[in-house]
Amino acid sequence: MSEHSERSVVVERTSSGHFVATNARGGSVSFGTSSDNGQDTGFTPVELLLAAIGGCTAVDVDVATGRHAEPARFSVTVRGDKVSDDLGNRMTNIEVAFTVAFQDGEEAERARAILPRAVKASHDRLCTVSRTVEIGTPVTTTVTDA
């Protein structure tokens, strides 16, 4: 294990169906499962999982291609099916689709040429989030007194 390998967030309930996750650096993201007026546009935990997969691999690919050219468009769509079966609630058929465009030029050609390799490297070994999901990692739960 590398030095400083631990990562953590604290999730706190702010109201019924609403939560805030805060990281060790003080960043936070709100999410939930319900809304007060039916118009809630916040993320659900499943959407945060999809965003984490997309965000992790987007960072990897952007670093690799961005060394050569600034993209004119860079979008990652992550989708999957939420199922409930004998194994419980889970996501299946997760797909990550990149839409990346570069302007014309020699640098852009280099960026376009390495794009497929960068996506593959992220999927196969670099993206911690998707690697964790694909390989499968046990999750331990405990209850402590407040």
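Visitor: Which helix gives the largest share of the lining of the largest pocket?

Guide: Helix H3 does, with four residues. Keep in mind that this is a predicted model. As for the general idea, rolling a probe the size of a water molecule over the atoms shows where empty space is left. Here, the largest pocket holds about 790 Å³ of space. It is lined by 17 residues, and those closest to its centre are Arg7, Ser8, Val9, Asn23 and Val129.

Visitor: What is the volume of the second largest pocket?

Guide: About 230 Å³. Its lining is made by Ile53, Thr57, Ile94, Val96, Phe98, Val119, His123, Ser130, Val133 and Glu134. Two or more of these residues come from each of H1, strand S5 (88–102), helix H2 (106–126) and H3. Sorted by class, the lining has six nonpolar residues, three polar and one charged.

Visitor: H2 and H3 both turn up there. How should I describe a pair of helices?

Guide: Two packed helices are described by the angle between their axes and the distance between the axes. In this structure, the axes of H2 and H3 come within 7 Å and cross at roughly 55°. H2 and H3 are therefore oblique to each other.

Visitor: Which residues make the contact?

Guide: From H2, look for Ser122, His123, Asp124, Arg125 and Leu126. From H3, look for Thr128, Ser130, Arg131 and Glu134. This contact has one nonpolar, four polar and four charged residues.

Visitor: Now for the strands. What is the order of the open sheet?

Guide: Read across the three strands and you get S1-S2-S3, with antiparallel pairing. S1 and S3 are the edge strands, as each pairs on one side only. On average, neighbouring strands of the sheet are turned by 25° against each other, with direction ignored.

Visitor: How many bridges join S2 and S3?

Guide: Five bridges, and the pairing is antiparallel.

Key:
Residues are numbered from 1 along each chain as its sequence is written. This is a predicted model: local features need pLDDT of at least 70, side-chain atom pairs count only at pLDDT 80 or more; totals for chains, interfaces and linings use all residues. Side-chain values use heavy atoms; hydrogens and water are left out. On a 1 Å grid over the protein atoms alone, a cavity is a set of points where a 1.4 Å probe fits but cannot get out, and a pocket is an open set with protein on both sides within 12 Å along at least five of seven lines; lining residues have an atom within 4 Å of a point. Grid points are joined across faces, edges and corners, and a volume is the space filled by probe spheres set on the points. Ala, Val, Leu, Ile, Met, Phe, Trp, Tyr, Cys and Pro count as nonpolar, Asp, Glu, Lys and Arg as charged, and the others, Gly among them, as polar. Axes are lines fitted to C-alpha atoms, for helices over the stretch in contact, and angles run from 0 to 180 degrees between N-to-C directions. Angles under 35 degrees count as roughly parallel, over 145 as roughly antiparallel, 65 to 115 as roughly perpendicular and the rest as oblique. Contact means heavy atoms within 4.5 Å. Two strands pair if DSSP finds at least two bridges between them.
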